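Please look through the sequence and the structure shown here before reading the report.

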Amino acid sequence: MDGVPAADPGSGRAPNPSVLAGRLSALVGGPKAKINAVVIDAETRRPLYELRADRPATPASTTKLATSVAALASVGPAHRITTQVVRGTGGGIVLVGGGDPTVTALPPRSGAEHPLYASLLDLARQTAAALKTSGVSQVRVDYDVSAYQGPRTAAGWKPNYLPDGEVAPVTALTVDEGRVSPSDPTKKTRVSDPAASAAEQFALLLAKEGIRAKAGRRTVAREGAARLGAVQSPPMSALVEHLLTDSDNDVAEAVARQVAIKLGRPATFADAAQAVRQVLARLGVAEGVAVNDGSGLSPRNQISPIALARIVSLAAGEKHPELRSAITGLPIAGFSGTLSPPRYTVAASRAGAGTVRAKTGTLAGVSTLAGLAYDADGRLLAFAFMAGDGKGPVDPGKLDQLAAAVAGCGCG
C-alpha cells in the first residue's frame, strides 16, 4: 500500500462554479428533484457546486467511507485481526474469535481476486500438531466470542437483512462470513449462529488431522491460557480495499468494531459508531456524520454530501498516507466492484468510465455515490450525490450521469 502515491490534485485550474453548476443543474432536473449534492476541489476543499450540500441524507453504503477512514486512521493500515485457539478446561480447547469474518474454511484458490484470508484449515493443522505433541488425541471445541458485546443487529436494520443474506449476525467468531454455501457466490443464505457453526467446522477439520473432536459450548478463555495456534486476517489496508470495492457489509461491521476496540470502547454497534465519529472528529471531518452501524444498512444513518466529499478529499490528500487504501479501494467506473458494467456503459455516463472512482450506496428508495474524478482540465474534484427519500424509486444512472459530467467538465 505504501507504494501508492497520494492523489495528485492536478495541474489544471479548478472549474468555474457557474459553468459546472449549469451542467449539473440541467441533469438534476429542477428544484423539486430529491437530490442533495456537492462538488468540491479535492485539494482546497472549496465548494464548486452545492445543492442542499450540508443537509444530511441517508448515505446507505457510502457510510463505509467513514468507517474505512476511521479504521485506517486509528488502528492503521498494517493492523491484522487474530483468530486463535487456546487451552481450555476439562478436556476442552477454545476457539477464540477476534472479529475477522473473512476466516475461511475453503481450500486456497490460485489466482483469487481477494486477499489471502486467514485459513481455518491452517489453524486446525497448527492446533492438531500442538495437541499431538502434548499427547492429547481427543478434545471438545468450545468457543469464545467475548471480543464483541451487545446485539448482533443494528438499530434500524430491517428484519429481512439476515434471511436475505445481506449480512450475517454480527459476532466476533465467523467463518466465511457465515455463508451456508461459501463456495457458491450465487447463494447468499447465512447460518443463524456463526460462532457455533465455526466451532462445528473446526471440530470436523481437527478430526481430519487425527484428533477426535466434538463441538462444545460458548465460554470465555482463561487469561494467559496457552496458545495452540493462531491465524491472522489480511492487513487493514486490504480489508478496506475489499469492503469498499465489493461493498462488503460483514467486513465493514468488523472494521468498525476494530475502531471501538482500539479506542478502549466495548465492541458494540453503538460504541463502534461513536468511536468512528470520534476518530473523524480528530481528523476534522466529523461534522454532518451520524451513524448507527459500519456498513450503511441502517436507514437511520444520516450523512451530508459535504461530509462525504471532505472525507474523500482527506483520504486523497498528501497529509495522510495511511488513508490511501480508502481511495485505491474505490470502485472504478465501468470497470470494477459495484461500478462494474452495465454502469458507465451507456452514452449518458460513458465519459466517466475509467476516470470516476466512487463508493456506491443503495437502500430501498435511496441511491448514493461519493468519490473522486479528474475533470477534463486535469483538476482532482471530490463529489457526493445523494438521491431519494426512501419512499419512491430512484435511478442510480442519474448519479452516474452527474459524476460523468464532473469528469467531462472542461470548465476552467
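## Basis of the report

This is a predicted model, in which local features need pLDDT of at least 70 and side-chain atom pairs count only at pLDDT 80 or more, while totals for chains, interfaces and linings use all residues. Residues are numbered from 1 along each chain as its sequence is written, and side-chain values use heavy atoms, leaving out hydrogens and water.

Helices (H or I, at least four residues) and strands (E, at least two) are DSSP runs, numbered from the N terminus.

## Strands 5 and 6

Strand 5 (residues 138–144) pairs with strand 6 (residues 212–218) in the parallel sense, over five bridges; pairing requires that DSSP finds at least two bridges between two strands. Tyr143 has Arg218 of strand 6 as its bridge partner.

Together with helix 4 (residues 194–208), strands 5 and 6 form a right-handed β-α-β unit. Right-handed means that, with the strands pointing away from the viewer, the path from the first strand over the helix to the second runs clockwise.

## Helix 2

Helix 2 (residues 63–74) is largely enclosed by the rest of the structure, because eleven of its twelve residues are buried (under 20% relative accessible area, with a 1.4 Å probe and protein chains only). Among the buried residues are Leu65, Val69 and Leu72. Gly76 follows helix 2 and has a positive phi, near 90°.

## Helix 7

The buried residues of helix 7 (residues 269–283) include Phe269, Val276 and Leu283. These buried residues pack against helix 2, helix 6 (249–262), strand 8 (289–290) and helix 8 (305–316), where contact means heavy atoms within 4.5 Å. Just after helix 7, Gly284 has a positive phi of about 85°.

Technical notes. Buried means under 20% relative accessible area, exposed over 50%, partly exposed in between (1.4 Å probe, protein chains only). The expected span of a helix is 1.5 Å times one less than its number of residues.
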